[in-house]
Amino acid sequence: ARFSSDDGATWTTEDVTIVANEGLQNVMSVSLLRLDEEIALFYLVKDSLADTRPMMRLSTDEGSNWSEPIEMIPDEQVGYYVLNNDRVVQLASGRLVAPVSQHADANRKWDARGHIMYYLSDDAGRTWRRSGSVLKPAETERGRVIFQEPGVVEVSPGRLLSFIRTDAGTQYYASSVDGGETWTEPHPGPITSPLSPASIETIPGTGDLIALWNDNGL
């Protein structure tokens with residue numbers, strides 16, 4: 001980490017190690033989320049192509065010190081999970097939603113066609129549980145669609161839109177009206193893109209959405 005006290009105009013010059021490599025292979029996909037009274041740090045611990053899972057740490061002093069890691073996915077759900085950068089969101093209710101793509105589990109070897117699922121926390125990240133819906137790759141005339149690196153945005157209180165990286169020429173959409181407990185079947189959305197992730201965020205103060213993506217029409 002490096003730190004700035006002037007909104008990013010200048011930064012400290014010394015690198016500070018926040019998380020040493022605590023995985024058998026590496027740690028990766030780091031992002032931060034400011035909560036009500038804490039800062040949450042999310043990252044993946046990669047032990048193998050059969051065991052890669054997200055972790056969370058908390059800071060109450062603006063990142064000077066961090067808690068011990070909190071496992072977001074328990075050992076009985078071991079597998080290869082991708083939590084992409086800047087994907088965890090906090091809803092108006094305070095709930096945290098972490099969209100992940102599972103590419104392997106105890107019964108399935110690593111597969112680029114991920115199963116999309118959502119982990120929820122109602123106690124500021126101390127405990128996590130899997131939502132009721134698991135979104136599996138869609139079947140098309142070309143075969144199964146590749147699902148990877150999902151994201152989530154809250155479009156109104158409790159109403160969520162999820163966008164999913166695919167190889168079908170477009171981002172796929174799924175939605176939830178119960179704060180991420182259950183989700184609709186994924187379907188092609190209007191954002192055309194190759195197999196690359198998109199980002200959709202809410203613009204503060206307006207409720208409008210802004211999307212950034214790789215347009216495969218260019």
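I203 sits in the loop between β16 (199-202) and β17 (209-212). Strands here are DSSP runs of E with at least two residues, numbered from the N terminus. At 33% relative accessibility, I203 counts as partly exposed; buried would mean under 20% relative accessible area and exposed over 50%, with partly exposed in between (1.4 Å probe, protein chains only).

Together with I210 and L212, I203 makes a nonpolar patch on the surface, with about 250 Å² of accessible area together. Patches are built from residues with over 30% relative accessible area and no salt bridge, and nonpolar side chains (Val, Leu, Ile, Met, Phe, Trp, Tyr) are joined within 5 Å. The areas come from the Shrake-Rupley method with a 1.4 Å probe.

## A word on the model

Keep in mind that this is a predicted model: local features need pLDDT of at least 70, side-chain atom pairs count only at pLDDT 80 or more, and totals for chains, interfaces and linings use all residues. Residues are numbered from 1 along each chain as its sequence is written, and side-chain values use heavy atoms, with hydrogens and water left out.

Now look at N216, in the segment after β17. N216 is partly exposed, at 40% relative accessibility.

## Salt bridges

A search of the whole structure turns up 13 salt bridges, each being a side-chain nitrogen of Lys or Arg within 4 Å of a carboxyl oxygen of Asp or Glu. Take R57 and E22, whose side chains meet at 2.8 Å, N to O. R57 is in strand β3 (residues 51-59) and E22 in the segment before β1, so this pair ties together parts that are 35 residues apart in sequence. R57 is buried, with a relative accessible area of 10%, while E22 is partly exposed, at 34%.

Then there's R34 with E62, a salt bridge of 3.0 Å, N to O. R34 belongs to strand β1 and E62 to the loop between β3 and β4 (70-71), so parts 28 residues apart in sequence get tied together. R34 is exposed, with a relative accessible area of 54%. Elsewhere, E149 pairs with R165, their closest N and O atoms being 2.8 Å apart. E149 is in strand β12 (residues 147-156) and R165 in strand β13 (residues 159-166), 16 residues apart. E149 counts as buried at 16% relative accessibility, and R165 is buried at 16% too. Finally, R95, D122, R129 and E181 are linked in a network of salt bridges.

## Aromatic pairs

There are 4 aromatic pairs, counted when ring centres of Phe, Tyr and Trp (its six-membered ring) lie within 6.5 Å; planes under 30 degrees apart are stacked, over 60 edge-to-face and the rest tilted. One of them is Y81 with Y119, edge-to-face at 6.3 Å centre to centre and 85 degrees between the planes. Y81 lies in strand β5 (residues 79-82) and Y119 in strand β8 (residues 115-121), so the pair joins parts 38 residues apart in sequence. Both tyrosines, Y81 and Y119, are buried.

## The largest pocket

The largest pocket holds about 320 Å³ of space. Among its 17 lining residues, the closest to the centre are A1, F3, I18, L32 and W66. On a 1 Å grid, a pocket is an open set of points where a 1.4 Å probe fits, with protein on both sides within 12 Å along at least five of seven lines; lining residues have an atom within 4 Å of a point.

Which strand gives the largest share of the lining? That's β1, with 4 residues.

Notes:
Patches are made of residues with over 30% relative accessible area and no salt bridge: like charges are joined within 9 Å, nonpolar side chains (Val, Leu, Ile, Met, Phe, Trp, Tyr) within 5 Å. Grid points are joined across faces, edges and corners, and a volume is the space filled by probe spheres set on the points.
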